[in-house]
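Here is a friendly tour of the charged side-chain pairs in one protein. Please keep the 3D view open as you read.

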Amino acid sequence: MTASGVVYPLVGLLVLVVPGLALQLAAGVRDKLWLAALTVPASIGVYVVAGVVSGIPGIAFTVVEVLIVTAVLVAIVFGAAVLVRRRTGPVGATAAAEPPSWLPVLPGRLVLAAQVVGALLCLLAVALAFQPWRSGLGGWDTFPQEHDTIIHTVLVGYISHTGNGAPWELLPLDMLTGQPVSFYPSGLPLTAALSGELAGGPVVGFNVINALCAGPAFVLGSAALVAAVLRRLNAGRDWTALAGGVAAIVAAGLYRPGVNLLHDGGIAPNAVAMSLTPGLIAAVITIGRGQWLRAVLLGLGVAGVFAVHPSMVASVGGSLVVFWIVEAFTRSGRAAWKGQLPMLAVGAVIAAVAAAGQLIGSVGQATRTGSWQPDIGPAPFGDAVGTNLVLSYGGYFDPKQGYAQLAAGLLALLGVAAVLMTRRAWGALAMWLFWLFVSVDFKVSPTSGVGSLIGSAFYKSYVRIQAHVSLFVPLLAALGVVFLAIGAAKLAAKWERLPAFASALRKPAMPAAVLAGLILVGYLLGASRQYEHMNAKIVAQRYAAPEFVRVNDDDRKAADWLKAHVKPGERVMNSANDGSTYSYVADDVPVVNVVTLGAIQAPYTYELLKSFRDYPSDPKIRQILLSLNVAYVYTDSEAPTMGAGPGAPNNWLGKPTFTLAPGLQHLDGLPGLSEVFTAGTVKIYRLDRTALESTTP
C-alpha cells in the first residue's frame, strides 16, 4: 500500500468528520449514537451552508472559507450551549430507565465488556465495508466508467477549478462563463471537492468520499439505528452495544445500496444519500424533549443529506411516517412523539433555511424526475417477493438473479419472526415492510400503483427503489440475533433436567450473549467474507477491471495534450459520452458538452452533437462554432452505449440508445479541420477559425 493510498482516505475521513463532530461536541453532545449517526450528515450540511455563504459575496468555496464558516458555526453553537446549561442545566440530561423485565441483565463487570465488544465489532465492520472499495477501485485516482459519474465528476471539477459552490451556480453548462445553470444537487460534489483540494484532486476526492459514505458511514448509521430502536425499548447499554455490532457486521457486506447503485449507472448521490439514511432516522427517533441544540444540528444534517439528493425526503420521510404511525398505537410511542414534536419542528425550520437554495432548485426538477418511464417490465408476484426477501443481486451484475445474499436475508427474516413473537420493535418491522411492499408493488406493476407513485421520486428506477429494502436488513438482523439468543437462553434456563455442570445456564444473560456471539462468528467466517469478496469484484467491474471503457490512458494523454495547447477563451467540441469530460475534470480544459445528450437550456450543445460535421454547408452551425470559439474537436471512435430514454432534448436523437455523436463522425477531409493528435481510438482535430469565417456553402 502506497503512502497516498493511506493519506487520501484519511483526508476524506477528516473532511466528513471534523465539522459535524466539532458542532456536536460544542453543543455538548456526547451520545455515541448521535456521534455515529449525525456526524457525516452535519458535516455535509456545513458545506452546503458554506457554499451559499461563498456565493453571496462571490468569494471562493475553498478549505479556508469552509474552516471560517465552521469556526463561526461552532462558536455560535458553543455559546448557545453555555447559555442553555446556565438556564436549564445539562442539555438532554435524563434519568436512565430501568431495563424491561424480559431482558436479562448481564453482571456489572460484563456490561463494559459487552460495550467494548460492540465497539470492536463496529470497527471490524468499518474495515470490512471499506475493503471492497479500496481493492475494487485499483487506486484512488482511477476514473469511473459509468454514465452518471460524468456529471458528478464534472461538478467536482468545476467547484475545484472555479471556487463556485452556491446552489444557483451548479451545474453550469458552459465551463467558461458558468451560464446557463441547470440545477443539480451539490452536497456530494462540494464534499468531494474539499477532499480533493486537500489531497489528490477532483477524481480522488470523488472516489474517496463515495467509498467512505457507502461503506463506513452506512455501517455506523446502521449500528446507530438498531441502538435507537433498542433505546426506545429501554434496553441496557450492554445489549444495545452488542446489537449495534451485529447490525454493523451485517451492513458491511450488503450489496445495496452503495455497491449496487455505483455499479449500475454510477448513481453516486442516491448511493450516498441512502447510505446516510439509517443514521439520520436514528437521530430523529432519539431526539428528546428540550434538546433544542440537537434539533438545530439535526436540521443541519437533514439539509446536508437533502443536498446530496432530494429523494431523501421519500427515503427518510416515508420511513419515519410509517414508524410513527405504528408507534402511535403504543402509549410510550405517543408520549415520545409528543415530546419530540417541538424539536422536530425546529429541525425542519433549520433544514429548510440551510437547504433553501437546494430546495428551490429541486422543485423545478421534480416534474422531470417523475416523467421517466419505468426501467423494468412487470414481473410475477412470487419473483418480486422472493428476490427481495433473499436479497438477490440482480441488476447489471446478475441479470438472471442467480446470486443472492441469502444469509443476510435469513437473518432479517429471523428479525421479523422475533418482532412478531416478542411483540416489540413494531416500528422497525414496519419500515422494512413498507419498503418491501413498495419494491414488490413496483416490480409487479411498474406503471401504476403505490410503488410507481413513490418510485417517481427515484426516476422510477427499480434499482434505486429496491435498495431501500436493504437499509433495514441490518436492523432486523440484529434484533433477530439478539432476541433469538435471549429466547433460547431463557428456554434453556427453564429446563428442569439441566445437568449440574450446566447450572450457569440458569442465569440466561451470559448464555444469551455467548450464543449471539457464536451466531455472529459463524456469519463472519461464512457469509461476511464471501460478501466482501463479491462486492470487491463488483466494484472492480466499474473501476480496476472495467467491463466497458469510457475513459482510459488514451484520454489521459489527450487531456495532457489539450492542456498544453488550448489557449484562454478557446473551447473543445466533444461528446460527453466518451472520456473527453475528464479533460476538464482533471486539467480544466473547457469542453462544450458536459451532459451526454446535450441540455435543453443550451440548445447549441445537442445541435452540435447532431450536426457539427455539417458546418461547411450550415451557416447556423458555423455561427455557433465561431461564437463559442471552438478551436479543437475531441473524438473517440469507441464509447459505451447508453440508454437515451426521455433524456434527449427535443428528441433530437430519435432513437432509444446513444453511443457516438452523429455530428462527430467521418470528420476527415472537412475544410479547416486538421488532425493534430492521436492516441488509440482518440483523435483531436484543430479547427481553423479563419477557415470557418471564410467558408461558404
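Let us begin with Glu570, which forms a salt bridge with Arg686, their closest N and O atoms being 3.8 Å apart. A salt bridge here is a side-chain nitrogen of Lys or Arg within 4 Å of a carboxyl oxygen of Asp or Glu. Glu570 sits in the loop between α22 (553-565) and β1 (571-573) and Arg686 in strand β6 (residues 682-687), so the pair ties together parts that are 116 residues apart in sequence. Helices (H or I, at least four residues) and strands (E, at least two) are DSSP runs, numbered from the N terminus.

This is a predicted model, in which local features need pLDDT of at least 70 and side-chain atom pairs count only at pLDDT 80 or more, while totals for chains, interfaces and linings use all residues. Residues are numbered from 1 along each chain as its sequence is written, and side-chain values use heavy atoms, with hydrogens and water left out.

Next comes the pair of Glu327 and Arg232, whose side chains meet in a salt bridge (3.2 Å, N to O). Glu327 belongs to helix α12 (residues 312-327) and Arg232 to helix α7 (residues 202-232), so parts 95 residues apart in sequence are tied together.

How accessible are some of these partners? Buried means under 20% relative accessible area, exposed over 50%, and partly exposed in between (1.4 Å probe, protein chains only).

| Residue | Relative accessible area | Class |
|---|---|---|
| Glu570 | 9% | buried |
| Arg686 | 28% | partly exposed |
| Glu327 | 12% | buried |

By this rule, the count comes to 15 salt bridges.
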